[in-house]
Structures are given as structure tokens and as C-alpha cells.
Amino acid sequence: MRLLVCGGAGFIGSTFARLRVREHGDEVTVLDKLTYAGRRENLEDIIEEIRFVHGAIEDAQAVADAVRECDAIVNFAAETHVDRSIADPEGFIVTNMQGTHVLLEAARVKELRYLQVSTDEVYGSIAEGAFTEQSPLQPSSPYSATKTGADLLVSSYFHTYGLPTLICRGSNNYGPNQYPEKLIPLMILNALAGDRLPVYGDGRNVRNWLYVEDFGRGIGHVLAHGVPGEAYNCGGPDECENLEVVRRVLELTGREDSLIEFVTDRPGHDRRYSLASGKLRGLGWEPRMRFEQGLERTVEWYRDNAWWWEPIRSGAYRSYYQRQYGRALKT
Ligand code: NAD
Ligand code: TYD
């Protein structure tokens with residue numbers, strides 16, 4: 001297959017691009033704006049085997065150039081961090097909504113299959129049970145609201161223009177190459193540095209953890225076997241409270257629980273996410289990695305790959321960290 005992978009220099013997009021090249025022999029074009037979260041380093045091992053286009057999804061000309069000779073678009077490109085969306089939502093509206101619109105137009109003109117990578121956060125928080133694809137969309141943050149807007153736009157292109165669209169909604173991903181603003185890599189790198197681990201609120205929020213390669217394969221499954229116009233949930237096999245995640249990270253890095261620091265809660269913080277993935281499992285997908293083993297592997301990857309995260313921790317991330325946590329990052 002000839003795929004345009006938008007946002008393919010990010011955490012999940014680069015994993016997906018690697019899986020497609022290595023496991024399917026696909027011809028992959030990556031279109032990426034290379035924001036703070038997008039890094040050529042993430043594609044280092046496959047860069048000779050793909051076509052890389054530096055550009056933004058909201059730029060119609062860049063998209064038209066990138067999409068030449070592709071059969072399908074898979075869109076990962078997004079502003080993705082809830083805390084940043086609370087501090088400054090504007091860029092989320094441009095990339096997540098306007099950018100998605102530009103891609104849908106390109107797909108419409110060229111009559112391409114279009115897959116939107118989405119998130120469990122579009123459903124909002126659930127105290128018990130799990131969200132199905134029929135659950136109402138009730139996003140809480142500017143991040144999830146813009147992802148929801150994009151999902152609705154995608155569905156409208158199916159209903160209005162008959163574009164063969166698909167949506168795949170993943171739960172919280174973790175694994176190698178994740179930018180250390182997100183819970184797991186942030187906690188791992190702080191623990192390795194002997195720094196404090198900032199836990200929001202009471203630390204009892206629950207997330208449904210999905211190893212990044214499992215999500216990449218789930219998206220591939222939807223692309224190959226999904227029914228146009230449909231959405232598919234792709235949830236991880238294990239749920240865990242944040243505090244428990246942080247304790248396991250401390251254990252795996254040989255640090256004491258005394259490094260845990262409870263900090264002011266995130267505004268509008270969703271308590272629990274949980275996805276029912278029966279529909280996607282019905283297509284033959286299932287997650288391969290349990291959280292315990294995946295977390296161990298992830299800690300090992302960060303321990304062994306300082307070349308990847310040192311430039312981040314010594315760059316602009318330091319001022320982000322200072323603003324977000326009100327104290328300097330220890331390296
Ligand atoms: P990420 O922040 O690591 O990567 C985002 C990528 O998109 C980066 O390479 C960035 O440079 C690129 N990008 C940003 N704005 C762009 C623009 N305007 N034009 C072109 N490229 C642009 O994100 P991620 O964690 O890999 O998430 C990828 C997708 O998966 C997102 O759509 C996100 O909503 C979704 N998702 C993420 C998770 C998770 O836990 N991380 C879970 C479910 C779904
Ligand atoms: P995050 O990785 O930002 O993903 P999301 O908000 O999309 O689920 O956060 C995961 C959970 O960890 C969430 O409940 C917020 C919490 N969290 C902290 O307690 N401390 C932190 O420093 C961060 C970044 C997140």
C-alpha cells in the first residue's frame with residue numbers, strides 16, 4: 001500500500017510508519033511539521049526507506065505535494081498534550097480541526113481512503129464500565145474538544161460525500177520515543193535523574209494503558225478491514241491508577257517513594273478513561289503487550305537511549321517544565 005502518514009515523526013506515527021515499512025513493505029510518505037514533539041530521530045532507522053516531507057497539514061499546497069502517488073491517508077498529526085491545550089488552545093484548533101479539514105479535502109479530490117487517529121478522550125470521563133463506539137462524545141479539555149470536532153468532520157465527509165473514512169480511537173499509549181511531557185516518560189526521566197515526581201491531585205485517576213506497537217497494529221487493522229464510515233475503539237489490556245504507575249516506575253528505577261510529590265490538580269481533570277474494544281477485536285486485533293512487561297521495557301529503553309532524550313531535557317523543554325511545574329528541571 002502507498003500511505004501518506006501525517007504526523008509520522010511523532011511518537012505513535014513513527015511507530016506506525018516503522019511497522020508498515022517492516023511488516024507490510026508499504027511505500028510510506030511522512031508529512032510532518034516537526035513541532036517540538038516531532039523529531040527526525042524517531043524515524044532514524046527507516047529514513048532511507050520512506051519519503052519525508054516537511055510541512056503542515058493545514059497547508060493545502062504541502063498536502064497536495066505530499067499526497068501524490070498515495071492510496072490512503074492516515075492522520076496522526078495533532079497537538080496532543082492536555083496541559084498545553086489548557087495553557088494555550090489556539091494551536092490545537094488550527095492543527096487538530098483546520099488541518100484535518102485540509103486533509104479531508106485532499107482525500108476527497110483524490111478519492112482516497114482516509115483514517116483519522118483519535119482518542120478515548122473524546123468520550124470524556126467514565127466512573128464505571130467502558131465506552132463503546134455508540135457512547136456520546138463529551139470531551140472535557142480543549143485538546144479532546146478539538147479531537148472530537150475533527151472526528152465529527154471526518155464522519156460528515158463519509159455521510160455527505162461518500163468518502164471512505166475510518167476512525168480509530170486509542171487509549172493512553174506508552175512506549176519508546178514518547179515526548180517526556182506525558183506521564184510515563186516524564187516520571188521515568190525524573191526518577192532516573194533523582195528528581196521529584198509531580199502527581200496531580202490525589203493520583204487516583206485511572207488510565208487504560210496501551211503499548212504503542214499494539215495501537216500501531218490496531219490502526220493497521222482498521223485500515224485494512226474497517227467498514228467505511230465506522231469508528232473503532234482500540235483500548236489497552238490494563239487499567240491503572242496514576243499513583244500505581246508512578247510507584248512501579250520508582251521500583252523499576254530503584255528509587256524511593258519519597259520522590260513522589262503531590263501537586264495542584266489539572267483543571268477539568270478526567271477521572272477515568274476506559275474503552276470497550278470488542279468491535280476491533282471482532283476484526284481480529286488484540287493487544288499483545290501487558291502493562292507490567294511493557295512498562296519494564298519502556299523504562300529500559302529510556303535508560304539505554306539518553307542520546308534521544310538528553311537534547312530534549314537540555315533544550316526548550318526546560319522552560320516548558322518551569323512554567324508547568326513552577327520549578328526548575330533537575331538533570
Ligand atoms: P506526538 O505529539 O508525539 O506527535 C504529533 C506529531 O504531529 C509530531 O510529529 C508533530 O510534529 C506533528 N504535527 C503537529 N502539528 C502538525 C501540523 N500542523 N502539521 C503536520 N504535523 C504536525 O503525538 P502522539 O502521541 O504520537 O499522538 C499521535 C496521534 O494519536 C494524535 O492524533 C493523538 O491525538 C492520537 N492519540 C494519542 C494517544 C497517546 O496516548 N499519545 C492516544 C490516543 C490517540
Ligand atoms: P497524560 O500523560 O498527560 O495523558 P492524558 O491526560 O492524555 O491522559 O496524563 C496521564 C495521567 O497522568 C493524567 O491523569 C494526568 C496525570 N499526570 C500527572 O499526575 N502528573 C504529570 O506530571 C502529568 C504530565 C500527568
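This is a short walk through the structure, one selection at a time.

Before you click, know that this is a predicted model, where local features need pLDDT of at least 70, side-chain atom pairs count only at pLDDT 80 or more, and totals for chains, interfaces and linings use all residues. Residues are numbered from 1 along each chain as its sequence is written, chains are lettered from A and ligands numbered from 1 in the order in which they are written, and side-chain values use heavy atoms, with hydrogens and water left out.

**Stop 1: the sheet.** Switch to cartoon and pick out the strands (DSSP runs of E, at least two residues, numbered from the N terminus, as are helices, which are runs of H or I of at least four). You'll find an open sheet of seven, ordered β3-β2-β1-β4-β5-β6-β10, with parallel pairing; strands count as paired if DSSP finds at least two bridges between them. The edges belong to β3 (51–54) and β10 (231–234), each with a single partner strand, so one side of each has no neighbour in the sheet. From one strand to the next, the twist averages 20°.

Now zoom in on β1 (residues 2–6) and β2 (residues 27–32), a parallel pair joined over five bridges. Select Val5 and look across to β2: its bridge partner there is Val30.

**Stop 2: helices on the sheet.** Show α2 (residues 60–67), which lies across β1, β2, β3 and β4 (72–75) and runs at about 170° to β2. Angles here run from 0 to 180 degrees between N-to-C directions, with axes as lines fitted to C-alpha atoms, for helices over the stretch in contact. Then try α5 (residues 142–161), which packs on the sheet, touching β5 (113–119) and β6 (165–170), at about 155° to β5.

**Stop 3: Thr100.** Head to helix α4 (residues 90–110) and select Thr100. Is Thr100 buried or exposed? It's buried, at 1% relative accessible area; buried means under 20%, exposed over 50% and partly exposed in between, using a 1.4 Å probe and protein chains only. Leaving aside neighbours within four places in sequence, Thr100 is in contact with residues including Ile57, Tyr114 and Val154, contact being heavy atoms within 4.5 Å.
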